[in-house]
Amino acid sequence: MTDATPDDSTKRRDVILAIDVGADEFSAGLVTARGELIDRSFADIESDVGPQSHFAALASAVLAQREQAVQHGVRIRAIGVGCPGEIERNCVTVSPAHISAWRSFPLAQHLHELTDLPIYGDLDAKALALAEGWLGAARGVRSFATMVVSSSVGGGFVIDGELLDGRGGNAGHLGHVIVEPGGRRCRCGARGCLEAEASGTAIETITGRRIDEPSWDIMRRTGRLVGRAAGMTCSALDIDLVVVGGTVPESFAATFYNAAQEEIDAVARVGHGAAARITPARLGDRGPLIGAGAVGWRGLRRALRARQRSTGDATPPSGEQPTVDSATDAVDAPDAAS
Ligand SMILES: [Zn+2]
């Protein structure tokens, strides 16, 4: 299904076809260089189907958006993907925890064969960091962290205006920091990982209830554990803002955030972390697709710069729209915030 109607007055412009691998559904949308989400489609993530059936569902949403792009009179420049970990850099392969049929699934290749477009992918929590720094709760902030607490737990770090990638592209992945020594066994093999204690999947196993039917105790406990990881992050990285989104905090709301803030206040006590605060992601259900769009714009900009360096040419290559360079410059939100 699609939830927007074409607007005849929309002037021709470039977009990223953004894709988010969510907890319950795949979504695809069109994101402009100013971060507007002008259309989107969804497809359910079925349980107990094979890897190609999952991709067929995703492809239906992608192709629906390609048709919508024609209706809107916009040109798709690239695909941007946000996906839960683990991923290989650029989503060459993906192994999202909650889709067991996708283990080292070659997502980028499948998407390229489907669309013949450049593919840029990243972790969903890093995508959210770009989105929230661009247009959301961390707009104008040079250093901050994001966390996504859903069926799995991820994170992203922006330090001095740069989204950190790390050796394999997984920097900020906070799901496997230990928040409960000797606690529940995690799928990674360790005990007491944040993901094994506070993810939606873990909470449903612990309580035998859906996350939208929580007890006060489990909302408080989950908030404390997320706050513990957030507080240690603030102390370690000299940051004072953690933006948190995902299905768990959306469901648990203020009870969760208050408990998380109390725990941050308790554990982040050295000078630079002492004023640390946790805040909800502000872009709501648009955040994941805007983030995936930002991943696409960031990838395009980097590719353009690499090409310029290799040719020693400061001007965009022939055939490129000159507006792309300036538009994508505005995209790397933390940079733009300086
Ligand atoms: Zn773990």
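A: Strand 6 (residues 144-149) and strand 9 (residues 241-245) run parallel and are joined by 4 bridges. Strands here are DSSP runs of E of at least two residues, helices are runs of H or I of at least four residues, and both are numbered from the N terminus. Two strands count as paired if DSSP finds at least two bridges between them. Within this pair, Ala145 is placed opposite Val242 of strand 9. The model is a predicted one, in which local features need pLDDT of at least 70 and side-chain atom pairs count only at pLDDT 80 or more, while totals for chains, interfaces and linings use all residues. Residue numbers start from 1 along each chain as its sequence is written.

The two strands belong to an open sheet of 5 strands with mixed pairing, in the order 8-7-6-9-10. Strand 8 (162-163) and strand 10 (277-280) are at the edges with a single partner strand each, so one side of each has no neighbour in the sheet.

Helix 7 (residues 247-267) lies across strand 6, strand 9 and strand 10, and runs at about 170° to strand 10. For such angles, axes are lines fitted to C-alpha atoms, for helices over the stretch in contact, and the angle runs from 0 to 180 degrees between N-to-C directions. Contact means that the C-beta atoms of two residues, placed from the backbone, lie within 7 Å.

As for the setting, the chain has 10 helices and 10 strands. Of its contacts with a separation of 6 or more, 67% are between residues 24 or more positions apart.
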